[in-house]
Amino acid sequence: MQFRELGDSGIRVSEICLGSWLTYGVGVEADAARACLDRAFDEGINFIDTANIYGKGAAESVLGDALTGRARDSYVLATKLFFPMTDSDKGLSAAQIDKQLDASLKRLKTDYIDLYQCHRYDADTPIDETMEALSRAVRSGKVRTIGFSEWSPQNIRDALAVPGTVKFVSSQPQYSLVWRRPEAEIIPLCAANGISQIVWSPLGQGVLTGKYQPSQQPPADSRAASAEMGGYISRLMDDRLLTAVQQLKPLADEAGCSMAQFALAWVLREPNVASAIIGASRPDQVSDNAAASGLTIDPALFAKAETIIA
């Protein structure tokens, strides 16, 4: 496992991060989640990402139990806030940041969060209030660093302009061979300001693994076939895209890796990406994904892949 610096924080994170969006506490039972977490540590992964909204606290609780007994300085723990936990508990106001941070710390059974992220931008709260509250959280010792997910370039610039506040070190956008939107503005802006990307859905919800065949029902044990986890993948279950993805297999074969490893290595070719977040329901998926770290693949193969998917 290779490691990269998280923005200009000085924190080094594994190139592969274990996520828990549609899995732990939601579509995957606690024992399976623990097995995936154990395998992640065996593979050298030190970076764990979750959010309060995942399973309305369930994912954090599962991780809190599973991480009990591990040395706290042996892993980097990230979580997020923004989405409604109740009808009245939502957003990035100072009161919500204080309340949701304490609730996450309790569920995760820890004294501090390494990376606390704004899950989306809150247009109803002044950016000064949000940044000042996040800065207090860092200065209190409850949070080490802060980040954001899916903010616009202007949102980012506005946050950076708030005087006397702690600076963001990470951005969490969707980014993959089938979703390249961050390349236009987000990545250059962040790179210029010491902010790394930790990308979600680097495998396009599993589509880039090649497991989904055009004009065929998805495998019974796959995310697309799951009532709990399948809703978000439906927009990618397009026969034209699935046909194009199948054309990536010879490229992965030539590179000597699996299609998943090829897609993850493509994301990691970008220097501003500190880590790619994977979602695994089985330990073998964790191992296969982890093997993407440190792969050396001919850029010409990546260029061919980009042409195929375009």
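I began with the salt bridges and found that the structure holds 16 of them, a salt bridge being a side-chain nitrogen of Lys or Arg within 4 Å of a carboxyl oxygen of Asp or Glu. I note for what follows that this is a predicted model, in which local features need pLDDT of at least 70 and side-chain atom pairs count only at pLDDT 80 or more, while totals for chains, interfaces and linings use all residues. Residues are numbered from 1 along each chain as its sequence is written, and side-chain values use heavy atoms, with hydrogens and water left out.

I looked up E60 and R107, whose side chains meet in a salt bridge at 2.7 Å, N to O. E60 lies in helix α2 (residues 58-67) and R107 in helix α3, so this pair ties together parts that are 47 residues apart in sequence; helices here are DSSP runs of H or I with at least four residues, strands are runs of E with at least two, and both are numbered from the N terminus. I also checked the accessibility of E60, which is buried at a relative accessible area of 0%, where buried means under 20%, exposed over 50% and partly exposed in between, for a 1.4 Å probe and protein chains only.

Next I turned to R180, which is partly exposed with a relative accessible area of 31% and forms a salt bridge with E183, the closest N and O atoms being 3.1 Å apart. E183 is partly exposed as well, at 26%. I then found that the side chain of R180 also meets that of E306 in a salt bridge, at 3.8 Å from N to O. Because R180 sits in the loop between β8 (170-171) and α6 (186-191) and E306 in helix α11, this pair ties together parts that are 126 residues apart in sequence. E306 counts as partly exposed at 22% relative accessibility, and salt bridges that share partners join R180, E183, R269 and E306 into one network.

Which residues does Q100 touch, not counting those up to four places away in sequence? I located Q100 in helix α3 (residues 94-108), found it buried with a relative accessible area of 6%, and listed its contacts (heavy atoms within 4.5 Å) as N52, L81, M85, D89 and Y116.

Last I looked at A291, which lies in the loop between α10 (283-290) and α11 (299-309) and is partly exposed at 37% relative accessibility. A291 and I16 are 275 residues apart in sequence, yet I noted 9.1 Å between them in space, C-alpha to C-alpha.
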